[in-house]
Amino acid sequence: MFVINCPYCGERDQQEFKAGGEAHIERPKQPTELSDDEWAEYLFMRKNIKGVQFERWNHAHGCRKWFNMVRDTSNDEIKLIYKMGERPPSE
Amino acid sequence: MSANLRVKSSEFIDETVRISFKFNGKTYYGFKGDTLASALLANDIHLVGRSFKYHRPRGIMTAGSEEPNAIVQVNDKTNRTEPNVRATEVEIYEGLEASSQNCWPSVNFDIGGINNAISAFLPAGFYYKTFMWPASFWEKYEYFIRHSAGLGKSPTEKDPDIYDHRNIHCDVLVVGAGISGILAAKNAAKNNFKTLLVDEKNELGGATIYQNREFNKIDNQSSSDWIKKEIQELSNIKNLEIKTRTSVAAYHGYNYLLARENLTDHLEKKDKQDKIRQRLLKIRAKKVILATGALERPLIFNNNDRPGIMLSSAVKKYADFYGVVSGKKNIFFTNNDSAYESALCLHNKGIQVEAIIDIREKSDSNIVKAVKKAGITIHWSHTIVDTKGYKKLNSISVMKLSNDGLSVIGNKINISCDCLGVAGGWTPAVHLFTQSGGKLTFDENDKVFLPNKYPSDQLCVGSCNGDFKIKEIINNLSINLKKFLNIEKTDFDNLSVDSEKENSKRNIWLLPSNKPIGKTKPFVDYQNDATAKDIKLALREGFRSIEHVKRYTTTGMGTDQGKLGNMHALGIIADTAGVKMGDLGTTTFRPPYTPLTFGTIVGRNVGEYFDTFRRTPMNDWHIENKAEFENVGQWKRAWYYPINGETMHESVQRESIAARESVGILDASTLGKIDIQGSDASEFLNRVYTNAWSKLGIGKCRYGLMLNEDGMVYDDGVTTRLGENHYLMTTTTGGAANVLGKLEDYLQTEWPELDVYLTSVTDHYATASICGPNSKKILNKIIPDLDLSEENFPHMSFKNAQIENIKCRIMRISFTGEHSYEINVQANFGKAIWEKCMEAGKEFNITPYGTETMHLLRAEKGFIIVGQDTDGTMTPIDLQMDWIVSKKKYDFIGKRSLYRSDTMKEERKQLVGLLTDDPSIVLEEGAQIVSELNQSPVNMLGHVTSSYYSPNLKKSIALAVVRNGKNMMGKKLFIPMEDKTINVTVANPVFFDSKNKRINA
């Protein structure tokens, strides 16, 4: 059970949050222009890394805000939390 | 039998308070302070249970929570009975009843004991090997396997006790209140850390408190006297909370720990009543100090499991702490100096120690010298090759070890005895450390796994960190604690400590015998009867991973999780396979450390508190009118309203006819409602629904279908435009929370530029839906000044209105195909408006109907229910709802996926209607549909999703998803059931009023 530092509310128990999968996958602006393969890439393909991963989290039982998290999936260490729309750190 | 084996009064036992208890139906006496184990030993009872597989007689082996053998059923045949309780942990109380497990008819004469005689036919993996063939016999085998599986009996009555949960936040949590735990907690608290100290025992002080070692001096006092003073001082320290009888079960990431605090198990029945029995502590600690100590290891030799064979440290604890002698003629068997302390302790109490068998060649430590001086015989370089005594040990056979320790030489010596103390060295209790994600390293010198890499802010101290001497413990604790807490000094920095010097050790994981291994029974896991022979067999059969060997042989899989024997199992695997123990690693330590009751885990969340549920404002009315309820998500919804002893079928048929012929009323308050405002609200709806929303006029309603990005139907509902920039969206009852979450996700992450605000208003409004040809008359009666003409208030439109002082929003929408109105009022007025409708509808025999009738009525019209007729694999095209998918819109959620090659396939499953050839047969929902009966394998075309008997059509109707169903109109298909085959015909899913004439009737 992590302690997650919500960028809007501060440190809270993991119970209050919902994980939302990989971060920084932008919905294509013009989906109709894409081939089946390109659309499938957006729709289905997600990384599942043992190590540092960029994730989306939602403070579902709190402020309901979405934010980004950099987490090491091998030991659950949360390396960084930043707001939606902010650029990911380059490692 | 009732021999008194007390030595002399112990300060931990109150001999003035005599306590009676029953064991296997017979009454015995013990004293206040006794555990069940110590009281049984005092009554000369060693035989406590039978082992799992071979039903071998087993006795008390340890004096702590690691006990594998002495597990009992307490208070059998009462509502407080509990199986698999360790006799070594049960504090006795007046009226306690305990009994042996896994034996029939009695522990002294157990039929299952025959398994011991035929044990040659019960090797490792016996079940896997034996019950494989012939396959058709499995059902017969299963009966016997189920019968012989499991230890003890689970309670059958309702648990009378209360359990509780508590959240605790602290700066420092110290687990274990032995010498290192006490010092750590004291110094943390003194340095202003909010500290919690927990220990599984009822007394603080760990082993130090009763170990009166003459070679251990702290501050020039005996270590036990010194620790007592330390414990007394604890009560004056602020910031320190102490919890005894509290066992940490789990250590999760981020220093989140679960502990069980035992509050009433040691009390008499009358004192247990109405009190909290156990409390689950959910502890979030900034820092954790593990002072969990070490467990003594047994030695693995032939027939090492007889009652009377105990850990050397347990023999000592029973004598020192409980004042109980475990035997009259004692022998110790050891590979290190620990057994000498136990021998000396017994000797000093005047109890006979026959001999010490030591596998080492020699040792000249002070304690060995003292034992020699006491005149106790020591057999150096010897090992035990066999033991005798079926229900109680009566002799051992000893032989000289060869130099390499792999075989025995010389003549066999038999020595008679009734108690054997075994000392195989110490295993640090690193269970919690590894549960937290900590990594271990193998110490070749001490042959132990030690904490190496910490995954969180924590520290292991004392013997769980590999420090076994008091001097070592205190010195290292002082250094490590200062660093860990970032403090300058501790109050024991300059303490003078004397303890024994190096304890030499000779480690042999499996001791040899004069018999071949196939003829011996050297038990590694006592509870599950796994022997060294089984482990070697597993390796011969090709198992290499320790996790596989564990599961194949069941080593370490009992209720004790192999606390005693796991190290030996690893050692034997490493020796046999020729790998280093450090490379082999360990099996995974999993929570809980000791078993937890279900009661503790669920706490107060039992009965009606098991899950939260939601009720509508009209709920009381439904109850008064004898509604039956169904659970929809968390909601309790009125299902049907039986009158005069009707069955469900009869109620639903009556309600369905009433709603079509006169008027029915439904509580629709549970539908999800989302208030949408903002200048981009219309654009937002365009993007989330498949159809177009920009041209929806104010005051109009529209049905919308919402997809997932993969093109599959996600939710549906009617949305009303209340104002220029204001909409009210309804969702399915079960989908409300998910829909809101999904919409918020898109707004926050994909379309932050949109000016849209969402608010869940599900609970804010109550909704009564009146439906049927007379609904208009009722509305006219309760709101006479509202113009209900088709011109002013057509289908799919909305009006604000007022009924007396109650403001309401009235939508003319229909889920049944009838002329109907949904009246939405602020939730507080829900029941009032419902009752008004009932009153006004009396002359039309207004009939309340529940969810079942609602489902039937909509099925007659072929309207889908998302989640019943869809399952996350249905596109709108599959549902034959092409009309709702806008071709003009550039984009909406899921649009692109509708043009993927897979979603465009003709042979996808499509929603169709089914009519049975015999109109009286109602299909089963979920029934499979085929076109050919004699195919192998049979080609499954799809399944029935909704099925009812329609009283309005006087025939059975069903909706189904069928592969390529769109092109099968009129085709005959089959539904094979267990006892018959039902013939059906594919039909239009709109069974009733296909021209939609009734909606404006």
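This is a predicted model: local features need pLDDT of at least 70, side-chain atom pairs count only at pLDDT 80 or more; totals for chains, interfaces and linings use all residues.
Residues are numbered from 1 along each chain as its sequence is written, while chains are lettered from A and ligands numbered from 1 in the order in which they are written.

Chain A contains 1 helix and 6 strands, helices being DSSP runs of H or I with at least four residues and strands runs of E with at least two, numbered from the N terminus. Along the sequence these elements follow the pattern β-β-β-α-β-β-β. Along the principal axes, the C-alpha atoms of chain A fill a box of roughly 45 × 30 × 25 Å. Of the 91 residues in chain A, 14% are buried, that is, with 20 or more other C-beta atoms within 10 Å of their own, the C-beta atoms being placed from the backbone.

Chain B is divided into domains, among them domain 3 (297-425 + 507-584) and domain 6 (858-1000), with bounds that come from an automatic or database domain assignment. The C-alpha centres of domain 3 and domain 6 of chain B lie 71 Å apart.

In chain B, the axes of helix α5 (residues 179-190) and helix α6 (residues 223-234) come within 11 Å and cross at roughly 35 degrees, where axes are lines fitted to C-alpha atoms over the stretch in contact and angles run from 0 to 180 degrees between N-to-C directions. The contact (C-beta atoms, placed from the backbone, within 7 Å) is made by B:I179, B:I182 and B:K186 of α5(B) and by B:I227, B:E230, B:I231 and B:L234 of α6(B).

Definitions and conventions
Two residues are in contact if their C-beta atoms, placed from the backbone, lie within 7 Å. A residue is buried if 20 or more other C-beta atoms lie within 10 Å of its own, exposed if 12 or fewer, and partly exposed in between; C-beta atoms are placed from the backbone.
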